[in-house]
Amino acid sequence: MYLLPNMRVSGLLYPFSNSTAFNVEALLENGQLYIHYGENRAAQCALDALALSTPIPGVPVQATLPSGERFVPNDPNFVWPGRATSTSIASLERHTMVILSALLLTPLLIYALLFKVVPACAVWLVEYVPESVVDTMGQQSMYVIEESFLSPSELSVGTQQQIHTLWRDALKALDLPGDQYQLSIYDSEHFGANAFALPHGQIVITDDLIEALKDNPSAIRAILLHEIGHVERKHSIRLAAQAFAGTIAMSFIFGDMEGIVELLIGSGNVVMGAQFSQDMEWEADQFALDRLALLGHSNDDFTQALQRLQSLTHDKEEPTQATPKWLEYLSTHPSLEDRIKHAQSYQKN
């Protein structure tokens with residue numbers, strides 16, 4: 001709003017220590033403010049001596065004189081001399097399209113930050129994580145899992161030896177270091193028929209999964225190769241790095257830095273509690289299929305392992321309607337059906 005050098009502004013004057021309001025007309029002239037009110041009473045001061053309230057769209061900016069009087073213009077759009085620069089922000093706040101654009105763009109920017117920028121940073125960060133940190137994360141995770149969810153294997157010594165022999169032969173054939181990769185067999189009511197990998201190279205397989213695949217040792221080998229794929233692709237470290245970068249990003253957005261400290265302290269728990277993403281599962285599947293082909297085994301080994309897991313899953317679930325596609329997209333894991341189809345159609349490179 002353009003301001004004339006000399007002008008009159010109507011409004012309300014609130015005298016100091018007095019609740020009475022006077023309808024007045026203030027004169028702005030030669031850098032001075034003059035107000036006459038009541039019976040021969042007046043207020044006067046330099047414009048640059050006024051204390052102005054914070055501009056809020058739709059609310060008049062009140063001026064407080066050094067003597068304590070307060071003047072509130074009737075026009076909510078009135079701009080005091082020297083405060084014209086604030087009108088740009090106020091005009092933006094009153095602009096409907098700007099507000100709507102901000103409402104739409106803010107979630108998109110947050111989505112791009114958390115689901116595009118942060119994962120990309122995580123992939124970059126994993127290359128700089130010291131091995132000592134990886135080992136600590138893995139051991140901390142294993143300690144928590146072992147104390148809470150695992151118990152000694154109830155399989156016969158002979159069965160366990162067969163699995164360990166199969167494991168050592170696979171490591172030797174793939175030229176993978178036996179001192180880095182370790183296989184542990186546990187019984188677990190919590191995990192059931194399952195296998196999982198920890199960051200430092202420890203692979204855990206449960207009694208139930210070995211029993212489910214006892215007639216097909218090659219399928220067990222395929223599952224173990226899948227878990228090795230998680231370690232080789234550093235998926236656990238990527239998850240932790242992604243969680244760390246995401247916490248930093250959210251802290252900057254919302255101004256809460258306490259989450260960074262909590263994440264640093266409990267990084268092992270992050271690895272333990274997180275699930276691999278769909279992309280990571282596909283990478284581990286591809287690793288297993290490629291290594292099976294390298295060892296001269298069929299992709300059917302992995303297909304049969306997945307089909308057996310699918311049958312175990314169906315046995316535990318009551319019949320329900322098919323999962324909607326949009327729910328599958330939100331899932332952390334690709335569906336077993338899609339993974340089976342991918343394994344069946346695998347072509348050796």
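This is a predicted model: local features need pLDDT of at least 70, side-chain atom pairs count only at pLDDT 80 or more; totals for chains, interfaces and linings use all residues.
Local features here need pLDDT of at least 70, side-chain atom pairs count only at pLDDT 80 or more, and totals for chains, interfaces and linings use all residues. Residues are numbered from 1 along each chain as its sequence is written, and side-chain values use heavy atoms, leaving out hydrogens and water.

Start with the whole chain, coloured by secondary structure. The chain holds 13 helices and 11 strands, which are DSSP runs (H or I, at least four residues; E, at least two) numbered from the N terminus. Of its 349 residues, 36% are buried, meaning under 20% relative accessible area with a 1.4 Å probe, protein chains only.

Next, select residues 217-232, which are helix H6. Its 16 residues reach 22 Å from first C-alpha to last, close to the 22 Å expected at 1.5 Å a residue; that expected span is 1.5 Å times one less than the number of residues. Why is H6 largely enclosed by the rest of the structure? Because 13 of its 16 residues are buried. Then click on Lys234, which follows H6 and has a positive phi, near 55 degrees.

Now move to the open sheet of seven strands, ordered E4-E3-E2-E1-E7-E6-E5 with antiparallel pairing. Strands pair if DSSP finds at least two bridges between them. At the edges, E4 (41-46) and E5 (51-52) each pair on one side only.

Finally, zoom in on E2 (residues 22-29) and E3 (residues 32-37), an antiparallel pair with three bridges. Which residue in E3 stands opposite Leu28? Select Leu33 to see it.

Conventions. Buried means under 20% relative accessible area, exposed over 50%, partly exposed in between (1.4 Å probe, protein chains only).
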